[in-house]
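Let's take a friendly walk through a protein model, starting at its surface and ending inside. Keep the structure in view as you read.

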Amino acid sequence: MKRGRKTNEANSSSSEETTEKESKRRRVIDEKTVAVQSPDWANLLQDIILQVFQYLPLLDRAHASQVCRSWNQVFHMPDLWRCFEFELNQPATSYLRATHPELIKQIIKRHSNHLQYVSFKVVDSSKESAEAACDILSQLVNCSLKTLGLISTARPSFMDLPKSHFISALTVVFVNSKSLSSLKIDDTPVDDPSLKVLVANNSDTLKLLKMSSCPHVSPAGILCVADQCHGLRELALNYHLLSDELLLALSSEKHVRLEHLRIDVVSENPGQTQFHTIQKSSWDAFIKHSPKVNLVMYFFLYEEEFDPFFRYEIPVTHLYFGRSVSKDVLGRVGMTCPRLVELVVCANGLRPLDEELIRIAERCKYLSAVGLGECEVSCSAFVEFVKMCGGRLSQLSIMEEVLIPDQKYSLEQIHWEVSKHLGRVWFPDMMPTW
């Protein structure tokens, strides 16, 4: 009996030792597993952290920089600050997040010489936000920008500033940036003398200039830019700045081929704006020099103001009518715009555009995108239009209310017929019911 009791005690002791060893082994495995599943974020490669930071909003980026020393070092790397957008608004007038003033001070103090691709986005219409943008601009004396964009999502903002204050801040950038290649200054009080400063310091590098709705610039001012900046490839301006002399300057042998020209034709009050006529010979010289240029024209005119336009052939490729346009004007478009690629008509009235669409399909052989808003077209004419254009219509946006059923096609039938000629499934757009 004693011998059996000793044997049982020995077996029990051995079992406990085995259990304890197994428990220790599992703890070691669990600790290793935790170590594998919980990496040391502080030891991530800085290139990876840099890429992550580039996608973060500024405030989140600043918070992340406080995690550890490594992340803070990445926060101050020059590569992170080459491209930056300042968002400006007044908290009392906007619910949108703005760039914090203290962060702006830190950026200017430590990273102004690293900034190269900069934009200012004023997301409200307050004069204070525009003034804040100018104050920042005037402090960028140690940087050489490559791109600058002044974006006002709610007008007027920059136009409310004293002209001298805005010009003074802008010329700081023009003088100190010797390699400015892209400049977007729509809806600003920029003027001819400031453009001369721009040209004097950046004529060899400027490739893109967008300056629609700049009332203080004259045709002579923009002509100075075209005469000196021979590398200019993209230009956006209002029609009142367009002249025969400008087109001929852009067509000179010294000038590179223009890739994109946008012209806004705008009238605020009917009958108060006189629109001049550009000579056909000037357009011919321009298109001969830049045969692949995209000529984009936005029309915001009243019907009685279209008389100077589309009287002879014009090399427009993208045409947008933001207000009601007459059947007569659309008929002239079909006769005078052989290079047309895209046509958007927001409104026309209550007279069907059957003949006009057929004429456009016949003569505009490159047409590939069409949008019709408050217009009327019979279903038969629309099917014939699509049939003539065929599969080249890559974009066809037509409101269902535009299509008028006739004896040949109903609204139910037109879906199948148009889809057949396009070679893909197509439906008209429908107005939301909410």
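Start at Ile-48, which is partly exposed because its relative accessible area is 41% (buried means under 20%, exposed over 50%, partly exposed in between, with a 1.4 Å probe and protein chains only). This is a predicted model, where local features need pLDDT of at least 70, side-chain atom pairs count only at pLDDT 80 or more, and totals for chains, interfaces and linings use all residues. Residues are numbered from 1 along each chain as its sequence is written, and side-chain values use heavy atoms, with hydrogens and water left out.

Ile-48 lies in helix H2, residues 46-54 (a helix is a DSSP run of H or I with at least four residues, a strand a run of E with at least two, numbered from the N terminus).

The largest pocket holds about 780 Å³ (a pocket is an open set of points on a 1 Å grid over the protein atoms alone, with protein on both sides within 12 Å along at least five of seven lines; a cavity is a set where a 1.4 Å probe fits but cannot get out; lining residues have an atom within 4 Å of a point). Its 30 lining residues include Ser-212, Ser-213, Asn-238, Asp-264 and Val-266, the closest to its centre. Strand S7 gives the largest share of this lining, four residues.

Which volume does the largest cavity have? The largest cavity has a volume of about 110 Å³ (the space filled by probe spheres set on the points, which are joined across faces, edges and corners). Among the residues lining the largest cavity are Tyr-239, Trp-283 and Arg-311.
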